Amino acid sequence: MEEQSFQQRERLVEEITGYKFKNPDLLHQAFTHPSVPQNWPSNDRMEYLGDSVLSLMIAREYYFAYPDLSSKDLTELRSVNVDTEKLARVAIKYNLHNHLRCQIQSFNEQVEEFRSATLEYPLHSLGCIYPPKVLADIVEALIAAIYFDCNFSIDITWQAVKDMLQPLITPETLEIQPVTKIMQLCQKNKLKINIVDNWDTTREFECFVDGKSVAKGKSNQNKDIAKNRAAYNAY
């Protein structure tokens, strides 16, 4: 059964990336969560390396693609293309989680809740939904595994994963963060906005415009997400 899972995993990754591993053990390590008993090394350290490799590849790609952008704009673009939500979206797009060896309680429920939440935000929610970090870890660990296997070639690694990461967010598709967006709208229309923090008691934020309540946002998992949801709903 395990051997069959290995083969399915190898076929899936080769179909997605066009890359064939010389050392398949690296691939299987990338799909092994630390929650699994240590018969196999986990992807814990791999995702750490993959995060750095991906950041470098995206930074290099955008540095040459957009020569007129400032370092601030390039940093913002890089950040949104390598964050947890963006990579978690890649994982569910290709159902990578179905091939992850893990022992995480309610893992499938977390994945499906995230998948459903993404439907409202086709490209990126900019902080309005809660992405399971374990999904992003798979993508980062896979990038690290390819990087190791191809003898640390950034060019080969980028060639293997660039299509998998599509659609990348570009200056044309990058949206304004929800709190900034509602602030700018109210400033433009000479309206006074107040975003009230009730998270410690109700797990909510509430937006008031000219003293009138216009929207709320709630998140049990994360305070910033609750605030972003309130701003998004208010807008």
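This is a predicted model: local features need pLDDT of at least 70, side-chain atom pairs count only at pLDDT 80 or more; totals for chains, interfaces and linings use all residues.
Trainee: Let's start with the record. Where does UniProt place the "domain: RNase III" feature?
Mentor: The UniProt entry, which is unreviewed, puts that feature at residues 10-151. In the model, that span is 62% helix and 0% strand.

Trainee: And how far apart are the end C-alpha atoms of that span?
Mentor: They lie 19 Å apart.

Trainee: Okay, helix H5 next. How many of its ten residues are buried?
Mentor: Eight of the ten, so H5, residues 84-93, is largely enclosed by the rest of the structure.

Trainee: Which ones are they?
Mentor: The buried ones are Glu-85, Lys-86, Leu-87, Ala-88, Arg-89, Val-90, Ala-91 and Ile-92.

Trainee: What covers them?
Mentor: The cover includes H3, H4, helix H6 (107-118) and helix H7 (133-149). Just after H5, Asn-95 has a positive phi of about 55°.

Trainee: You mentioned H4. Where does Val-82 sit, and is Val-82 buried or exposed?
Mentor: Val-82 is part of helix H4, residues 71-82. Val-82 counts as buried because its relative accessibility is 11%, and the cut-off for buried is under 20%.

Trainee: What is Val-82 in contact with?
Mentor: Leaving aside neighbours within four places in sequence, Val-82 contacts Leu-54, Ser-55, Ile-58, Leu-87 and Glu-140.

Trainee: Switching to loops: where is Asn-43?
Mentor: Asn-43 is in the loop between helix H2 (24-30) and helix H3 (44-65). Asn-43 counts as buried, at 2% relative accessibility.

Trainee: So what does the side chain of Asn-43 have by it?
Mentor: One of its polar atoms lies 3.0 Å from the backbone oxygen of Ala-30. Not counting residues up to four places away in sequence, Asn-43 touches several others, including His-33, Pro-34, Leu-100 and Asp-137.

Trainee: Now H9. Which of its residues are buried?
Mentor: In H9, residues 178-188, they are Pro-178, Val-179, Ile-182 and Cys-186. Looking down the axis of H9, the buried residues fall within an arc of 100°, so they line one face of the helix.

Trainee: Why would residues spaced along a helix point the same way?
Mentor: An α-helix has 3.6 residues a turn, so residues three or four places apart point the same way.

Trainee: What do the buried residues of H9 pack against, and what's on the face turned away?
Mentor: They pack against strand S1 (193-198), strand S2 (204-209) and helix H11 (223-234). The face turned away carries the exposed residues Gln-187 and Lys-188.

Trainee: What caps the N-terminal end of H9?
Mentor: Gln-177 does, with a side-chain oxygen 2.9 Å from the backbone nitrogen of Val-179. Just after H9, Lys-190 takes a positive phi of about 55°.

Trainee: Last one: how do S2 and S3 run?
Mentor: S2 and strand S3, residues 212-218, run antiparallel and are joined by six bridges. They form a hairpin with two residues between them, and Asp-210 in the turn has a positive phi of about 50°. Phe-208 stands opposite Ser-213 in S3.

Terms used. Residues are numbered from 1 along each chain as its sequence is written. Side-chain values use heavy atoms; hydrogens and water are left out. Buried means under 20% relative accessible area, exposed over 50%, partly exposed in between (1.4 Å probe, protein chains only). Helices (H or I, at least four residues) and strands (E, at least two) are DSSP runs, numbered from the N terminus. The arc is that of the directions from the helix axis to the C-beta atoms. Contact means heavy atoms within 4.5 Å. A polar contact is a pair of N or O atoms within 3.5 Å; within protein, one must be able to donate a hydrogen and the other to accept it, and residues adjacent in sequence count only if both atoms are side-chain atoms. Two strands pair if DSSP finds at least two bridges between them. UniProt positions are given in the numbering used here, feature names are shortened, and annotations may be inferred rather than shown by experiment.
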